[in-house]
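User: I would like to learn how the contacts between two parts of a protein model are read. Could you take me through them one feature at a time?

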Amino acid sequence: MSEVRFTDQHEWVRLEGDEATVGITRHAAEQLGDVVFVELPQAGRKVGAGGEAAVVESVKAASEVYAPVGGEVTAANSALEAEPAKVNEDPEGAGWFFKMKLSDKAEFAKLMDAAAYQEFVKGL
Amino acid sequence: MSMNNQGRPSQPGVAQDNDLPTISGDRGLDLEARLIFEIGRGGVTGVDLPDVKVDDTRLGGVRRKGAVGLPGLSEPEVIRHYVRLSRQNYAIDAGLYPLGSCTMKHNPRLNEKMARLPGFGDLHPLAPRAATQGALALISELMNWLTTLTGMPAVAMSPKAGAHGELCGLLAIRAAVEARGEKRNRILVPESAHGTNPATAAFAGFTVDEVPAKPNGHVDAAALKAKLGPDVAAIMLTNPNTCGLFEGEIVEIAKAVHAAGAYFYCDGANFNAIAGRVRPGDLGIDAMHINLHKTFSTPHGGGGPGAGPVVLSERLAAYAPLPLLVSDANGFRLIEDRDELPPGAKPFGRMCAFHGQMGMFVRALSYMLSHGRDGVRQASEDAVLSANYILASLKDVMSAPFGDGPCMHEALFDDTFLEGSGVTTLDFAKAMIDEGYHPMTMYFPLVVHGAMLIEPTESESKESLDRFIAVLRGLAEEAKAGKRERFEGAPRYAPRRRLDETAAARKPVLRWKPDPLPQAAE
Amino acid sequence: MRYLPLTPDDRRVMLAKIGAPNIDALFRDVPREAVVPLTAFDLPETKGELEVERALAKLAAKNVAAGAVPSFCGVGAYKHHVPSAVDHLIQRSEFLTAYTPYQPEIAQGTLQVLFEFQTQVALLTGMEVANASLYDGSTATAEAVLMAQRLTRRPKAILSGGLHPHYAETVETVAGLSGVVTRAPVTPGAAEDIAALIDNDTACVVVQSPDVFGLIRNLRPIAEAAHAKGALLIAVVTEAVSLGLLESPGAQGADIVACEGQSIGNGLNFGGPYVGLFAAREKFLRQMPGRLCGETVDASGKRGFVLTLSTREQHIRREKATSNICTNSGLCALAFTIHLSLLGEEGLARLARINHARASALADRLARVAGVELMTSSFFNEFTLKLPKPAAPVVDALAAKGVLGGVPASRLMPHETAAANLLIVAATETNTDDDFAAFETALKEVLA
């Protein structure tokens with residue numbers, strides 16, 4: 001059983017047990033345009049909620065990807081290094097960035113659900 | 001009568017479509033050039049030199065073992081190659097080059113000739129003092145022009161470009177703050193600033209705090225003042241700003257900045273609008289770089305070299321970097337070491353080896369002497385007049401985000417007029433290429449959606465401006481009329497169609513490499 | 001004014017179209033107290049071309065050009081013969097008066113030149129990737145140190161005592177802000193034991209070869225020592241022609257190379273503009289400063305070139321950029337590329353050998369002068385002499401005799417008492433046997 005939440009910085013996070021998978025939203029991928037490069041965190045790195053965890057670059061922009069929740073990075077999607085296009089093709093699936101072990105579930109609960117995020121994007 | 005039926009036909013015939021591929025890949029005067037690595041080979045050279053043998057006794061055991069891998073070409077091949085390449089470039093000499101923020105004005109050839117006089121072009125930077133008096137006198141004269149035009153007491157000449165000048169100014173500010181025994185780490189930068197401003201502030205070890213722009217394109221002076229505090233070292237403000245507007249509240253801003261104990265850095269990229277009319281020193285500015293390659297016409301050269309001397313106020317003059325130019329009874333002298341400093345001098349360090357972009361100094365002074373103070377002022381006025389003429393002539397068909405003007409030396413438009421047309425700023429710019437123009441600066445400043453920043457400079461005749469205006473009007477009307485085909489595929493008539501920047505960035509190929517050897521047949 | 005096409009009539013018509021009564025109305029946002037009359041500027045009025053030419057030629061004539069007399073100055077700026085084709089080509093309007101190639105469809109000329117330049121620099125330095133140039137060798141060195149600090153996340157840079165003092169001061173000015181810059185002792189004519197200074201906080205060691213005294217350094221053991229401690233080796237070269245005869249820094253294990261490219265294609269120009277060559281290992285690409293040109297294809301499938309990986313740069317990354325640099329040294333890089341294309345493999349190798357042979361012959365000749373000692377056992381085209389008295393007044397006396405006899409080490413390092421009598425002398429393909437004889441004679445007279 002998994003649940004997906006969203007941030008106002010356009011990250012999504014899926015929680016399965018205490019493992020969180022993080023990526024950027026479809027909206028963010030569309031705004032960035034063709035992704036050409038991602039820089040991923042190493043497993044073992046500890047990062048607080050809102051901390052810089054990864055970088056995503058298109059031809060015209062470079063953006064930090066923030067950790068939606070605090071915890072320890074357990075894995076990174078190294079397939080993106082060779083094929084950054086996956087971020088555009090399947091941002092909320094195969095284009096995930098990293099997984100982390102969540103330290104505080106309350107942080108997750110505070111994030112937007114899909115409906116709230118859709119509303120948020122409409123208001124931009 | 002005698003008949004000659006062997007001669008060539010003299011009728012032009014019927015023009016055919018020009019999409020027939022050629023056998024060569026070239027098309028008339030559009031000539032392709034392969035890479036030198038693909039045309040070069042062994043056993044040929046473009047320079048005749050004797051084949052001297054040397055032994056290894058004085059080479060420290062590190063004589064080169066393998067080849068470098070450079071191709072060999074004869075002189076005619078090299079000339080043909082680079083002439084062909086040159087013809088794939090747009091240039092100010094060939095047409096109007098309205099790149100906002102870049103000041104693509106005419107580059108007088110006299111300046112090139114002067115910089116190549118052996119006394120300047122063939123002068124060693126560490127030649128003895130007696131052998132360099134003319135060069136030092138030239139630098140001194142240029143310094144006098146720069147300090148007089150800006151109303152500032154001092155100038156640091158060594159910065160090699162605008163961004164290097166920004167760094168020089170901020171390092172002087174850092175030294176001044178430290179000399180007061182204070183810790184100030186924050187620099188205020190408007191969101192409309194050139195990217196070099198925040199990058200330089202970070203480079204110089206400061207943190208960057210953005211100041212918003214007001215809806216009328218001016219910096220929000222109230223927001224700026226509210227952000228001032230005991231940890232603010234300086235503000236970096238471009239004036240005239242990147243929206244092409246003069247910051248009318250600048251004197252008031254300067255007073256507030258100084259009252260808060262901070263310094264006022266001005267990005268002088270747009271000095272061409274006000275040179276000879278307004279002295280930055282009168283506005284309360286503490287440091288400003290001057291892009292000699294913009295305002296004073298040293299050629300851009302396809303991306304440098306530039307030169308970015310920095311004028312400094314009384315409060316910062318003592319911190320100017322080495323070397324310092326001084327004069328005494330024996331003439332001019334460069335002070336290159338801290339032990340020889342004149343009283344009060346506290347240089348923060350050194351920006352680069354030697355003494356700055358001398359080749360650019362000669363060109364800039366040649367430009368200044370040619371113009372004189374009257375010509376410098378007239379040039380600024382003509383630049384501002386031409387930009388306003390473009391704004392006035394296009395504002396009914398394009399959209400000017402900040403109303404009816406006046407603007408300074410650049411006219412800013414946004415993409416509101418393209419709304420619903422399916423044509424983007426990028427498409428519009430690329431269509432200009434087909435019309436024989438270099439596009440304007442696009443998507444900058446960031447505070448305007450789909451920005452198009454047009455800087456005609458003073459170098460265009462009225463006829464040239466009218467023609468440019470007519471073309472932009474035509475394009476705007478076609479875009480609004482939904483004729484997208486002119487824009488979507490543009491450019492059609494350039495040496496290349498649109499290039500795949502995504503592919504270039506995803507799998508970077510940054511140098512030529514020989515093809516891998518073919519696999520030996522089994 | 002000959003550069004201004006608008007006539008008074010044009011200006012009137014344009015103002016009318018704008019709806020402004022006069023030019024002052026366009027400056028209405030300027031605070032009244034900041035508007036000054038023309039007379040506020042104590043500067044001359046406009047001049048014709050002939051008058052400007054006279055004024056500047058007069059100043060030029062007060063200088064002694066390197067080509068006008070026997071000249072032996074080096075130390076980071078070298079007099080070489082530049083083939084006529086180079087200056088002809090770089091003065092073509094399409095190269096000279098183009099901007100940075102922001103619109104690649106109409107800037108393929110500049111872009112392809114940059115691609116060729118990057119390839120040449122990578123080959124010459126023995127590195128995998130090179131950028132489209134920086135301002136000069138000294139600022140390239142400073143950028144290399146900052147890059148090493150970012151890559152290793154360590155604060156300390158150790159500079160060899162043989163690094164050009166101007167370069168060392170340039171590095172200290174920027175890399176000392178957030179890190180620590182340590183200078184090894186100056187050891188004229190010898191290599192210091194820099195490996196002993198490397199510790200676990202060391203981001204990089206910076207070693208110039210040939211060093212400021214002309215001595216050729218063996219970089220291999222330094223690279224090994226640096227790598228063993230997790231530090232990087234930055235190799236600095238101030239005489240690019242030396243790379244035609246000496247093993248490349250890349251082959252000796254350097255991680256980043258910063259090189260002054262002036263020697264190839266560019267004149268002395270009293271110190272600038274020059275061209276900084278910057279090359280590195282491919283794995284460090286994302287942390288490189290400056291512009292990069294890359295190959296791609298256009299919409300019709302033709303090969304073309306674009307500026308790429310710009311997200312490292314200030315116009316996109318702003319305060320998070322790898323450097324604040326915006327421009328490169330485009331036209332100087334073009335001159336470098338054309339000259340090196342003319343030289344080719346064989347031409348460069350011959351030019352380098354000639355330079356070494358000329359300097360070797362001059363060193364032998366001057367070392368025979370009574371009281372003069374050759375300090376550098378190995379060198380490329382520049383060596384250091386120990387004179388029996390302070391070198392600075394000797395250089396002035398030589399200049400009075402019409403010989404620019406090198407650079408006194410004390411000009412660059414006045415605090416080094418051991419350097420007071422040292423004279424750094426360069427010889428290139430431009431120096432004739434007659435130049436050598438004039439130098440020898442003058443030196444004997446001055447030292448007598």
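User: Which residue forms a salt bridge with Arg350(B)?

Analyst: A salt bridge is a side-chain nitrogen of Lys or Arg within 4 Å of a carboxyl oxygen of Asp or Glu; here Glu169(C) is the partner of Arg350(B), with the closest N and O atoms 3.0 Å apart. This rule finds 16 salt bridges across the interface of chain B and chain C. This is a predicted model, in which local features need pLDDT of at least 70 and side-chain atom pairs count only at pLDDT 80 or more, while totals for chains, interfaces and linings use all residues. Residues are numbered from 1 along each chain as its sequence is written, chains are lettered from A and ligands numbered from 1 in the order in which they are written, and side-chain values use heavy atoms, with hydrogens and water left out.

User: How many residues of chain B are in contact with chain C, and what is the area buried between them?

Analyst: The size of an interface is often given as the accessible area lost when the parts come together. With contact taken as heavy atoms within 4.5 Å, 200 residues of chain B touch 193 residues of chain C. The buried area (accessible area, 1.4 Å probe, that two parts lose on being put together, summed over both) is about 17,100 Å², of which carbon and sulfur atoms give 63%.

User: Where is the salt bridge between domain 1 and domain 2 of chain B?

Analyst: The domain bounds, from an automatic or database assignment, are 110–366 for domain 1 and 372–497 for domain 2. The rule finds one salt bridge across their interface, and Arg277(B) pairs with Glu381(B), the closest N and O atoms being 2.8 Å apart.
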